[in-house]
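Here are my notes on the model, as numbered points. Please read them with the coordinates open.

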Amino acid sequence: MVNILFVERSDNVLTKDRLMRFGVVTDGTSYLCGEQSESHMHWFFDCPFSKAVVLMLQNWLIIKLQGNVEDWIIKWRRKSLLQKKVVMAVIFGLVYGIWDCRNTCRVELFVPQPKRLIEGIHSVLKVRLNRMEFSRGKIKCCRWLQQTGLSE
Ligand SMILES: [Zn+2]
């Protein structure tokens, strides 16, 4: 959780708006959308790319994510331990994935498909859930996980 909050709140993330202030770059346009200025908030919440990823994620997990990452975490505190672990893993994957896609844009000059990011989070999470021997019974019995395709 600390890492997510660090990314969400940190002023140390070198977004283009900061790099422009330091004179490192002259173009502050978002790598991901090419439309708006790349700031910390834009990167994770306002960018059309990030919004598309969050929308796909909500449809996949059959959840509604409103507000910021901290709001999501607070809302999911009331869920079962297994659901909390899954959603937290997804949020970590989401934050890392958006950061990774942004860097892919910067280095390789192409924008990854939001769908690929969701598929990546899904496949990693499914593998990790299958390795959780101690909660295999809970995983197989959890209807929500079956609906999300994370459990057979
Ligand atoms: Zn953008």
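1. Among contacts in the protein chain between residues at least 6 apart in sequence, those joining residues at least 24 apart make up 55%; two residues are in contact if their C-beta atoms, placed from the backbone, lie within 7 Å. This is a predicted model, in which local features need pLDDT of at least 70, side-chain atom pairs count only at pLDDT 80 or more, and totals for chains, interfaces and linings use all residues. Residues are numbered from 1 along each chain as its sequence is written.

2. The protein chain has nine helices and zero strands, running α-α-α-α-α-α-α-α-α from the N terminus. Helices (H or I, at least four residues) and strands (E, at least two) are DSSP runs, numbered from the N terminus. Of the 152 residues in the protein chain, 21% are buried. A residue is buried if 20 or more other C-beta atoms lie within 10 Å of its own, exposed if 12 or fewer, and partly exposed in between, with C-beta atoms placed from the backbone.

3. Which residues touch the most other members of the largest nonpolar core? They are Val53, Leu57, Val90, Leu94, Ile98 and Ile121, out of 21 residues in that core. Two or more residues each come from α3 (40–46), α4, α6 and α7, and α6 gives the most, with six residues. A nonpolar core here is a set of buried Ala, Val, Leu, Ile, Met, Phe, Trp, Tyr and Cys residues joined through C-beta atoms within 7 Å. Leucine 94 is in contact with Val53, Leu57 and Ile121, leaving aside its neighbours within four places in sequence.

4. Helix α4 (residues 48–61) and helix α6 (residues 81–108) cross at roughly 150°, and their axes come within 11 Å. Axes are lines fitted to C-alpha atoms, for helices over the stretch in contact, and angles run from 0 to 180 degrees between N-to-C directions. The angle makes α4 roughly antiparallel to α6; angles under 35 degrees count as roughly parallel, over 145 as roughly antiparallel, 65 to 115 as roughly perpendicular and the rest as oblique. The crossing of α4 and α6 is right-handed, where a crossing is left-handed if the near helix is turned anticlockwise from the far one by less than a right angle, and right-handed if clockwise. Phe49, Ser50, Val53, Leu57 and Leu61 of α4 make the contact with Val90, Leu94, Ile98 and Cys101 of α6. By class, the residues of the contact of α4 with α6 are eight nonpolar, one polar and no charged. In this scheme Ala, Val, Leu, Ile, Met, Phe, Trp, Tyr, Cys and Pro count as nonpolar, Asp, Glu, Lys and Arg as charged, and the others, Gly among them, as polar.

5. α4 also packs against helix α7 (residues 114–131), at an angle of about 45° and with the axes 9 Å apart. α4 is therefore oblique to α7, and the crossing of the two is right-handed. On the α4 side the contact involves Phe49, Ala52, Val53, Met56, Leu57 and Trp60; on the α7 side, Pro114, Lys115, Leu117, Ile118 and His122. Nine of the residues in the contact of α4 with α7 are nonpolar, one is polar and one is charged. Alanine 52 counts as partly exposed because it has 17 C-beta neighbours inside 10 Å. Its C-alpha lies 9.6 Å from that of glutamine 113, 61 residues apart in sequence.

6. For α6 and α7 the angle is about 140° and the axes are 10 Å apart, so the two are oblique to each other. α6 passes α7 in a right-handed crossing. Val86, Ala89, Val90, Gly93, Leu94, Gly97 and Cys101 in α6 meet Leu117, Gly120, Ile121, Val124, Leu125 and Arg128 in α7. The contact of α6 with α7 has nine nonpolar, three polar and one charged residues.

7. Most residues other than glycine have a negative phi. Isoleucine 62, in the loop between α4 and α5 (69–75), has a positive phi of about 55° and counts as exposed, with 9 C-beta neighbours inside 10 Å. Leucine 109, in the loop between α6 and α7, has a positive phi of about 60° and counts as exposed, with 8 C-beta neighbours inside 10 Å.

8. Tryptophan 144 is found in helix α9 (residues 143–148) and is partly exposed, with 16 other C-beta atoms within 10 Å. The C-alpha atoms of tryptophan 144 and isoleucine 62 are 8.3 Å apart, although the two are 82 residues apart along the chain.
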